[in-house]
Amino acid sequence: MNNTRIVIALLLLLSGNHVKAQFNTVSCPGNRYKVTVENPTRTTNKAEATPESITSENEKSVPDKVSLSSADTKKKEQVARYLSVCYPLSHIKINSPYGYRKDPFTGKRKFHNGIDLHARSAKVFAMMQGRVIAVGQDKVSGKYVTLRHGGFTVSYCHLSQISVSQGQDVLSGDVVGITGNTGRSTGEHLHITCKYNGNSIDPFILISYVKRVRE
């Protein structure tokens with residue numbers, strides 16, 4: 001899968017929606033992923049305004065005409081871009097990456113189709129604006145939520161609670177569920193899978209994308 005094409009597709013999904021959570025760090029085992037994020041204090045989407053003209057004492061008082069300077073406009077665009085994406089958890093620590101690994105149940109080498117994030121009864125956030133295309137529960141994924149973001153679909157699995165319903169539109173930062181230990185799981189965590197145009201991809205691509213945008 002061409003990562004450049006995936007990133008381009010992600011850029012097309014950017015919107016000016018507000019995030020409803022604040023985030024801390026991203027860390028992973030080993031050297032496979034090198035991400036450390038310390039986000040600044042949350043920025044509001046309120047642009048500064050400056051009077052276009054000032055009336056003198058001898059002139060009649062009229063409402064001020066307000067316009068945004070080019071710097072204000074740029075700042076507003078940057079804030080909107082920052083708020084258009086969101087980490088799936090307030091703290092990101094990858095316990096098990098995407099790819100082949102030793103299956104925790106059988107001990108045999110098996111392909112892991114997602115990433116496992118450390119979590120304890122944590123809120124799960126939509127990473128981008130999208131729509132809930134599936135909610136449910138099965139023996140493998142446990143309680144799960146699947147979101148569609150353009151050509152991307154993201155599933156959050158092993159949840160203890162589901163906070164959205166099928167067909168619902170969500171914004172980045174909206175809570176879609178609470179982490180848990182349902183389904184085929186050895187302990188509480190958040191399992192995330194991602195597909196791009198129907199093909200499985202490493203969900204860490206999305207997390208890296210969120211990091212780049214928010215920086």
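Me: What makes the charged end of R214 count as sitting over the ring of Y82?

Reply: The charged end of R214 is 4.1 Å from the ring centre of Y82. The rule asks that NZ of Lys or CZ of Arg lie within 6 Å of the ring centre and within 35 degrees of the ring normal. The distance meets the limit, so the term applies.

Me: What kind of model is this, and how are residues numbered?

Reply: This is a predicted model, with residues numbered from 1 along each chain as its sequence is written. Local features need pLDDT of at least 70 and side-chain atom pairs pLDDT 80 or more, while totals for chains, interfaces and linings use all residues; side-chain values use heavy atoms, without hydrogens and water.

Me: Which ring does the charged end of R109 sit over?

Reply: The ring of Y100, at 4.2 Å from its centre.

Me: How many aromatic pairs does a search of the whole structure find?

Reply: The search finds 3. One of them joins Y98 and F111.

Me: Why is the pair of Y98 and F111 called edge-to-face?

Reply: Rings of Phe, Tyr and Trp (its six-membered ring) pair if their centres lie within 6.5 Å; planes under 30 degrees apart are stacked, over 60 edge-to-face, the rest tilted. Here the centres are 5.1 Å apart and the planes make 85°. Both values pass, so the name is edge-to-face.

Me: What does the pair tie together?

Reply: Y98 lies in the loop between β4 (92-96) and β5 (99-102), and F111 in strand β6 (residues 109-112), so the pair links parts 13 residues apart in sequence. Strands are DSSP runs of E with at least two residues, helices runs of H or I with at least four, numbered from the N terminus. Ring pairs also bring Y100 into a cluster with Y98 and F111.

Me: Is Y98 buried or exposed?

Reply: Buried means under 20% relative accessible area, exposed over 50%, partly exposed in between (1.4 Å probe, protein chains only). Y98 has 14%, so Y98 is buried. F111 has 38%, so F111 is partly exposed.

Me: How do you know that strand β14 (residues 189-196) is mostly covered?

Reply: In β14, 7 of its 8 residues are buried.

Me: Why do β7 (residues 114-118) and β14 count as paired?

Reply: Pairing needs at least two bridges found by DSSP. These antiparallel strands have 5, so they pair. L117 has L190 of β14 as its bridge partner.

Me: Which strand pairs with β14 over 6 bridges?

Reply: Strand β11 (residues 152-162), in the antiparallel sense. T153 stands opposite K195 in β14.
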